[in-house]
Amino acid sequence: MTQPAEITEHAALERVSKLRLIARTVVESFVSGQHRSVYKGFSVEFAQHREYSRGDELRHIDWKVFGKSDKLFVKQYEEETNLRAHLCLDASGSMRYAGHGESKFEYARKVAAALAYLMIGQSDSVGFVAFDDALRQQIPPRGTSGHLSTLLKTLAEIEPDRETNLAPLLHELAGRIRRRGLVIVLSDFFAPVEDLIKALAHLHHKRHEVILFQILDPREIDFPFEEMHEFRCMERPGVRLRLDAPRVAKLYRERFQRFQERLREACHRHRFDHTVLTTNQPYDAALAQYLSRRQGI
Amino acid sequence: MVFLNWILIGGLAAVAAPVIIHLLQRNRVTPLDWGAMMFLEELLAERARQIKLRELLLLLVRASILACLALALMRPTILASSGARAPDVHTSAVLLLDDSFSMNAGRARTAWQEARERAIRYVDTLRKGDDVTLLFTSAAGKGAPPAALFDLERVRELIREARPRHESADVARALDAAVKQLETRHNPRRELLFVTDLQAAGWELDDGARWSYLAGLVRSSRIAPQILLTSVGQERPSNVALTGLTPSRSVVDPYAAVTFHVTAANEGPEKAGDAAVTFFVNGAPKATRNVELAPGAREVLAFTYQFERPGSHLVSCRLRSGADELPDDNELLHSVVVLDRLPVLLVDGDRRTQPLASEADFLREALSPRDADDPTWRTVIETTAIDSTELKYADLSKYRVVVLANVAALPGATVGDLERFVVAGGGLLLAPGDRVQLGAYNRDLYRNGAGLLPVSLDKLGLSEPTPLVKVARGPEPAPAYLHLGGIVSNAPALELFRPERGQDWTQARIRQYVATGAPSGQDDVRVLASYSNGAAALVQKNLGEGKVYLLTTAVDTGWSDLPVHPFYVPLMQCLVFDLASAVIPPRNLRVGQALSYVTGAEAARHPHLLYRPQGDPLELAPRRQGALTVYTHDDTAAPGSYLVAPEGAGADERVHYTVTADRAESVMVRLEPGDLRRLERDLGAHYAPDWDSLGRLIGLDGGGYELSAWLILAAAGFCFLETWLLRRWS
């Protein structure tokens, strides 16, 4: 049965409000832990001086120049010099997996919201890309508070579906983002590792700073199943494997660890940050990783 | 290798359990939506073969565990290849002892004593855990087999207590029972030891069907039995024996002497020059004859005696000889019933007022001839002539023989009475004539072979006076007649009329006769004599305890000139005597045959005692059967004279019975070496002529053991392997 338009809209607003609340709670609790130091002057870059004129904010007067020349100059900041971040969220079917409680996608959505909240709060420009086997949503970076609402609304509305096609998409993303910036990818990165490494190399070539948040469910790491299961692929309906889980657990874990090692190695080679977030972890681990990286930029 | 508990072979089905569990589990999988599919797909792509191999290996290991346990329960055993005993293998043995009459042979030591010693020596070779079934040839295959015994001392005791029987051996039947008994046993080694004197009489090796069956039985045994034959006794002991005692007449009466023919035989290898046969009547010696018997010779001695009074008499003959190692076959007994009257009912179908005008008239004259010179002279036969219409009112139980002389047809009720009369032991003579209605005879009396008439009647001229069978006239005016021809079957009634006995019945001329159909092939119908053209002249049919004769020509002068020949009177009397010869119940019995005594209700008020060859008199239990009382005694294992008499009865009321051992046992001829080789070839039997060779055949030899313990160890090993593989691969 089709929902009336008002009800649908009300539900969407409620989701956005909830997401905003979560993002704010996460960020503020994190910031209070960091003594609010993270808000100091990261988000603007000095461009040039110009003579003071009426109406300019006094806080922008360069008092050092005034001391040397007795003339009032104000510092002029250019928007282009702000950090341009791109939040890339994997919305493929595999992100729907939820071992216990929250799905990977839900977790990623909240982390992305918190990061957007944090970055826009720091006057950084934040763009957003959602993808599965193609680019589904792309919002250019901006730093206004209204843009945050747009981002949160988009985040709240998006639902994971379809197959991952991560490596070509990262290639495409590397081509589309013309200005150097920070690319934050939230995904489980379940894609052929060789292709993924090439795509990451492409981003590195474009001199982007890249943070990879690999969202995983603990079960995907431990593979703790004790009986015969029919594993149904969440991205490709109809693909099913009947396996005696204990019998293949060791092999699975071996392959998974090998994949992780290769991904970690590739990230290290390109000096990308690679952070594994499991859905049972608090969200602020992602923020801490972001800030640590931001300080290095 | 053999399986001792092969019945548990169904347990091997448990091998399928892991497969079934695997298949069931395949249907019971838990569905799980999964994101990290690429790792599973990759490992399957790379390791699918390995995973399948591992699963297969685990399946095999688990199936092996169950297979080992199932096989262990079936107790597989490797037998020693040489057929000899092995130290680790228990034996199920059947000890078959030949307890036939001939095992009594031997002077200083009988074959039976030797057999007993050898059997006990054999039992001594068995060990704790072995089992033995003790069988005897006299009882093996009759009724349920005795239980197998694990108590070897009890087996020895039973062997010591056993005695030979007075029965002949049926070796094939006994071996059949022994092989079947072995098949029911559980020990891995199977031995059948047959201790015998190898007397050829009981083997009947010519009966190929029985021995083929037995060979097949041995071949199809789950565990091939080791069949051992060992012989005891002398190769061919000297033995003279009385092998036959028969009276010359089937009906004995006090009016004429009867001759008893006694056959003495020398079955041994030595000449018996000092043999003497004594003839006894009711225990009193009447005559003795010396006889000289060469090896293999037979001599028939004749003792004639005229009984003075009717009733039951005991005739016996005893042989004395120095060259005899089996004295138990030197006596023969015969119970004789002496009749003072033999009532015969003549049914006249063509009654005339003139003398000697009908068939019945001729028969009456022949059966009860009158001596004009001596009015007191009489024969045992008493004839009563009635018209055929009176037959339905006649009490047939008063007669021993009924003669239907030219009776046209019989009503159905009368036919039923006659059938009951014959079945109960009566005799019936059918003498047709021109009045006989063929169709009625075939319909009521022949009844497609089920009735009284031995054969169907094909041709009889009833409407015209011309003969049924026209004798072809030759070119000369002298007519050509048929004659009585040969005696084609042995019959006591016709013994007197064989050409060698001086009677020439071929002179009789037959003008007409009734052509008959061929005998139906039943054993109870046979043609005794024929005409010169080969057609049947006299046909016999046994029905129940009685007998029917069909004479196919008339007994008067209408169809032949039989009555004018001298043999006519004795022929008719012999036929009647033979028809009346049935003594019901029989009084001359074989060993093991039940003894029966029948009396009326009045006599049954007194207790009836049985006097046996051994032991005290025994009171017989009466059993009512209609108006009669029947006394039966089953235990006639001991040969000799038995006597049944009401308590306190006189000599006239006593009834003698005789029980005789099979004289085939007197022939002391052993199996030939060729016979033994044949047994070895067909049955796989090994012959051991003495203990030493028998000991070699059953001697201990290496090899052979049960594999159950190893299989249980293997199952445990597979369990460990399964656990280890699971831990390694999980």
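A salt bridge here is a side-chain nitrogen of Lys or Arg within 4 Å of a carboxyl oxygen of Asp or Glu. Keep that rule handy for the exercises below.

The model is predicted, so local features need pLDDT of at least 70 and side-chain atom pairs count only at pLDDT 80 or more, while totals for chains, interfaces and linings use all residues. Residues are numbered from 1 along each chain as its sequence is written, chains are lettered from A in the order in which they are written, and side-chain values use heavy atoms, with hydrogens and water left out.

**Exercise 1.** Find which parts of chain B are tied together by the pair B:E167 and B:K142.

*Solution.* 
- Start with the atoms: the two side chains form a salt bridge, 3.4 Å from N to O.
- B:E167 sits in the loop between α4 (152–161) and α5 (171–183) of chain B, and B:K142 in the loop between β5 (131–136) and α4, so the bridge ties together parts 25 residues apart in sequence. (Helices are DSSP runs of H or I with at least four residues, strands runs of E with at least two, numbered from the N terminus.)
- Finally, check accessibility, where buried means under 20% relative accessible area, exposed over 50% and partly exposed in between, with a 1.4 Å probe and protein chains only. B:E167 has 14% and is therefore buried; B:K142, with 45%, is partly exposed.

**Exercise 2.** Work out where the partners of the salt bridge B:R210 to B:D170 lie.

*Solution.* 
- The closest N and O atoms of B:R210 and B:D170 are 2.9 Å apart.
- B:R210 belongs to helix α6 (residues 208–219) of chain B and B:D170 to the loop between α4 and α5, so this pair links distant parts of the chain, 40 residues apart.
- B:R210 is partly exposed, at 26% relative accessible area.

**Exercise 3.** Describe how chain A meets chain B.

*Solution.* 
- Count contacts, meaning heavy atoms within 4.5 Å: 33 residues of chain A touch 28 residues of chain B.
- In one, A:R236 joins B:E41, with the closest N and O atoms 2.9 Å apart.
- See which elements of chain A take part: α7 (218–222), β8 (228–233), β9 (240–244) and α8 (245–269) each supply at least two residues. The largest share, 10 residues, comes from α8(A).
- Trace the strands, which pair if DSSP finds at least two bridges between them. Here 5 bridges join β8(A) to the parallel strand β2 (residues 30–34) of chain B, and A:H229 stands opposite B:T30.
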